[in-house]
Amino acid sequence: MRKVHADLVQRGFMKRLSDLPNDQQALINGAPFNHFYPWSTVFKEDSLSTPVRMVVNPTMTGLNLILAKGENRIGHMNNILIRNRFCEFAWASDISKLYNQLHLQVGALPFSLFLYHDSLDISVQPEIWVMVVAWYGVVPTGAQAGYAIDLLVQANSVTFPEAVLPLTKCRYVDDIASGGSSDKERSVQIDQVRAVLSLGGFNLKFVVKSGESPSEKASSDGTSLKLLGYKWLPEKDLLSPG
């Protein structure tokens, strides 16, 4: 947990209250209401990038009950997978830390506090930390992240036309499963997706192509990976129930 916390701090996702600019400290300290996230650790042993992660549960405090969730605009898994299976040259990827690239407006900081101390000892007075980016588990975050991607695509669809389909019709939250009719078309898609995402501070965690073995970042056994709940063997391009 200490390593997880240190990594999140190093990435700039959370900061100690006392390290924030004076005006932001004054805003939080002077706010009529401060909200602290209940947090815990979860273990996902089959995750290569984050087998141990810190999660928050603002439903426990009632915050999720009063936040607007927004429209459900998440892609349909079946449609994405069927479209992917019709591509002779398929590829898949994952947008790294999608939610955490959304920076909170200053007015949201008083509602984004949590208590932590490196000792992890309940007898030690914890310090106040502030999440300065959007977080998993908060009701509107998924729709906000999806909208951010949609805005990027709309603003750059003329310059990067081959990124439109993968990022709109072939994306399920942070997972992308797309493809083309030729290796060249697939390569152009990947390059343009990377270019569009980089304009918003996003990047791809890995890229896996059909006909090739997956990288260590994508696969724990060197042959298969999860693809929208299914098991994909990219070198043979076989999809089966997970």
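How far is the sulfur of Cys-170 from the closest cysteine sulfur, and in which residue does that sulfur lie? In this predicted model, the partner is Cys-87, at 6.7 Å, and this distance is too far for a bond. A disulfide requires two cysteine sulfur atoms within 2.5 Å, and by this rule the count comes to zero disulfides. Cys-87 is accordingly in no disulfide. Cys-87 counts as buried at 16% relative accessibility, and Cys-170 is likewise buried, with a relative accessible area of 2%.

The buried residues of α5 include Thr-141, Ala-145, Ile-149, Leu-152 and Asn-156. The buried residues of this helix pack against β4 (89–95), α6 (164–168), β7 (171–172) and α7 (183–198).

The largest pocket has a volume of about 1,400 Å³. Its lining consists of 46 residues, of which Lys-44, Ser-47, Arg-53, Asp-94 and Lys-205 are the closest to the centre. Elements that each supply at least two lining residues include α1 (2–10), β3 (52–56), β4 and β9 (204–209). By class, this lining divides into 21 nonpolar, 11 polar and 14 charged residues.

The second largest pocket has a volume of about 730 Å³. Among its 28 lining residues, Asn-72, Arg-73, Ile-74, Gly-75 and Arg-171 are the closest to the centre. Two or more lining residues are given by each of α4 (77–85), α5 and α6, and α5 provides the largest share, seven residues. The lining of this second pocket contains 11 nonpolar, 10 polar and seven charged residues.

Technical notes. Residues are numbered from 1 along each chain as its sequence is written. This is a predicted model: local features need pLDDT of at least 70, side-chain atom pairs count only at pLDDT 80 or more; totals for chains, interfaces and linings use all residues. Side-chain values use heavy atoms; hydrogens and water are left out. Buried means under 20% relative accessible area, exposed over 50%, partly exposed in between (1.4 Å probe, protein chains only). Helices (H or I, at least four residues) and strands (E, at least two) are DSSP runs, numbered from the N terminus. Contact means heavy atoms within 4.5 Å. On a 1 Å grid over the protein atoms alone, a cavity is a set of points where a 1.4 Å probe fits but cannot get out, and a pocket is an open set with protein on both sides within 12 Å along at least five of seven lines; lining residues have an atom within 4 Å of a point. Grid points are joined across faces, edges and corners, and a volume is the space filled by probe spheres set on the points. Ala, Val, Leu, Ile, Met, Phe, Trp, Tyr, Cys and Pro count as nonpolar, Asp, Glu, Lys and Arg as charged, and the others, Gly among them, as polar.
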